[in-house]
Amino acid sequence: MTDYSDTVLDMHNDTVRSLLALQKLSSPTGREAEFRASSLPFCPLRFLVDRHTPRTEQFTSDFYFKIGTAIHELFQRWMPLENSKYRPYGGWKCDKCQHEAAIGLMPATLCPKCKAEHSWRYQELTVNLFRLSGHIDMVLQSPGDDPVYMVRDFKTTTIDKDTKVSDYPIEANVHQVEAYCVALRKTYGLRVVAWQLIYVDRSNPIRSSKSFIPITRAWTEEKHRKTRTTLFIANKGYRVASRYLERRRPRDLTATARYRPCRSAEDFKTRMKAGFKYTDTGICPHLPVCSSRKTDEQVAAHFESTLASMTHED
């Protein structure tokens, strides 16, 4: 009888090697930089650089992304079943036959098409503002005849004994959820009075109040106007940057430079720093140019040279 013990051992060792090698793997992706709430804060010049940068994805980042997606779906599946005072408001789809109910609270009736019980699944609301788009994890409606609403967004993180609650919320997440508040009112006419970010441990189900970090903030009319203005300006920057990508005219690049959010180091700190939290340096490499006393034309010339060199490298 043939002895395959060496082959079996080799199979085992090769599996270990393959699994360890995954962390170093990357793959080109066809996804391009977009103008979405999840990409805020937004700089039109950075958008152009990103569009000229070959995009890849890594096993590690894809792992965390897929885990995050699964956890979002898990909460959207189970939270509507909990008898909360504030009820999920959104779209609803029958899990059995895919019949879609009207946007609102979860239907109290059976699916009218297949008569299935307990089959309704929450569907995220899609929101649009100017050219900005996004999908809200969950919207909550208050009880009563004159309801108000709260935007809820789930985020996955690592929560352990070294976690500091004071490190939350993450500023980029605040930019995202505040944009949702403005867009939700514009798209559906809902009176939003609060937003909520819930950070959940990606490695464990909820077992105690130490398994998650909820952050809830009031949403005022003043904050609404301020955020809407910021998004309006960002949208203009996105429009001229997109026009430059289509036509490659120097005047469109100059117009893009005119809508850059940073004209000083303080501007970067208050407006764009959150967007560089997970980069190696935490600082935009073009800040010395954008924050100098250079004219819009000079800043545009710098980026024209930068983009040309990136195109040449491709």
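Gln98 sits in the loop between S3 and S4. Helices (H or I, at least four residues) and strands (E, at least two) are DSSP runs, numbered from the N terminus. This is a predicted model: local features need pLDDT of at least 70, side-chain atom pairs count only at pLDDT 80 or more, and totals for chains, interfaces and linings use all residues. Residues are numbered from 1 along each chain as its sequence is written, and side-chain values use heavy atoms, with hydrogens and water left out.

**The hairpin**
- Strand S3 covers residues 87–94 and strand S4 covers residues 100–105.
- They pair in the antiparallel sense over four bridges; pairing requires that DSSP finds at least two bridges between two strands.
- Lys93 stands opposite Glu100 in S4.
- Five residues lie between S3 and S4 in this hairpin.

**Positive phi**
- Most residues other than glycine have a negative phi, and most peptide bonds are trans.
- Gln98 is not a glycine, yet its phi is positive, about 70°.
- Gln98 counts as partly exposed because its relative accessibility is 43% (buried is under 20% relative accessible area, exposed over 50%, partly exposed in between; 1.4 Å probe, protein chains only).
- His118 is not a glycine either, and has a positive phi of about 50°.
- His118 lies in the loop between S4 and strand S5 (120–123).
- With a relative accessible area of 73%, His118 is exposed.

**Cis peptide bonds**
- Leu40 to Pro41 is a cis peptide bond, with omega near 0°.
- Pro41 lies in the loop between strand S1 (26–28) and helix H2 (44–51).
- Tyr168 and Pro169 are also joined by a cis peptide bond, with omega about 5°.
- Pro169 lies in the loop between strand S9 (149–157) and helix H4 (171–188).
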